Amino acid sequence: MVDKQRAENAVRELIAAMGEDVEREGLKDTPERVARMLAELTAGYHDSAAEHLSKTFEESGSALVLERDISFSSTCEHHLMPFFGKVHIAYVPSGKVVGLSKLARVVEVFARRLQLQERMNAEIADAIFRHLAPRGVIVAVEAEHTCMTARGVKKPGSSTVTYAVRGEISEQAIGLVMSLVGGKR
Ligand SMILES: [Zn+2]
């Protein structure tokens, strides 16, 4: 859990380092607000993907299951700024499937940490592959990184796309998921 007092002190120090008056009206409660927010943004460290993926039900078919447009917001570990966007998940079950809301919970588990997009993408794919044991899974992530767009390094709205494949998944399924990338937000 976040050491709130320590986080508050650090934020107070950060504000002072920017030459601002920590005691002025608009800023005096900011350290406490930021500490509370950081606890929420990193709640994923105390949540378990294995648990969300443990409530499965039997499914004898092997149709592709696709959950698209799962919104997320995470925190870039290089700049402590948000990156946000969508995750698309497709898997071919091997006897068991999971409630669709559980996939969104798994995304939250890994998004609510200090992250890199590539690692979050890999962790989601690994968790599904390990705990749900499908024949194959593909996870695509498209995100806008505010550490880039807020500074003007990249234009707002420009996104970074990554994807990870585990197990056996057809080219057709990969094509299907990748065709969703760049859809309207
Ligand atoms: Zn960054």
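Let's start with H79, which is partly exposed because its relative accessible area is 40%. Here, buried means under 20% relative accessible area, exposed means over 50%, and partly exposed lies in between, using a 1.4 Å probe and protein chains only. Before going on, note that this is a predicted model: local features need pLDDT of at least 70, side-chain atom pairs count only at pLDDT 80 or more, and totals for chains, interfaces and linings use all residues. Residues are numbered from 1 along each chain as its sequence is written, and side-chain values use heavy atoms, with hydrogens and water left out.

So what does H79 hold on to? Together with C76 (SG) and C147 (SG), H79 (ND1) coordinates the zinc ion, at 2.1 to 2.2 Å. Donors are N, O and S atoms within 2.8 Å of the metal (3.2 Å for Na, K and Ca), and since water is not among the atoms, sites may look incomplete. Along the chain, the zinc donors follow the spacing C-x2-H-x67-C. As for disulfides, meaning pairs of cysteine sulfur atoms within 2.5 Å, the count is zero.

Now step back to the whole chain. The protein is split into domain 1 (4-41) and domain 2 (50-180), with bounds that come from an automatic or database domain assignment. Taken over C-alpha atoms, the centres of the two domains are 32 Å apart.

Next comes the sheet. Strands (E, at least two residues) and helices (H or I, at least four) are DSSP runs, numbered from the N terminus. Two strands pair if DSSP finds at least two bridges between them. Five strands make an open sheet in the order β5-β2-β3-β6-β7, with mixed pairing. Its edge strands are β5 (114-115) and β7, each pairing on one side only.

Take a closer look at β6 (residues 136-145), where ten of ten residues are buried. G136, I138, A140, E142 and E144 point one way, while V137, V139, V141, A143 and H145 point the other way. On one side, β6 pairs with β3 (residues 82-92) in the antiparallel sense over ten bridges; for instance, G85 has A143 of β6 as its bridge partner. Strand β6 also runs antiparallel to β7 (residues 160-167), joined by eight bridges. Within that pairing, I138 stands opposite V165, and E142 has V161 as its bridge partner.

Strand β2 (residues 65-76) brings us to E67. Is E67 buried or exposed? E67 is buried, because its relative accessible area is 18%. Leaving aside neighbours within four places in sequence, E67 is in contact (heavy atoms within 4.5 Å) with V87, H88, I89, L100 and L103. E67 and V177 are 110 residues apart in sequence, yet 9.6 Å apart in space, C-alpha to C-alpha.

Helix α4 (residues 100-111) has twelve residues, so at 1.5 Å a residue it should span 16 Å, and its end C-alpha atoms are 17 Å apart, which agrees. The expected span is 1.5 Å times one less than the number of residues.
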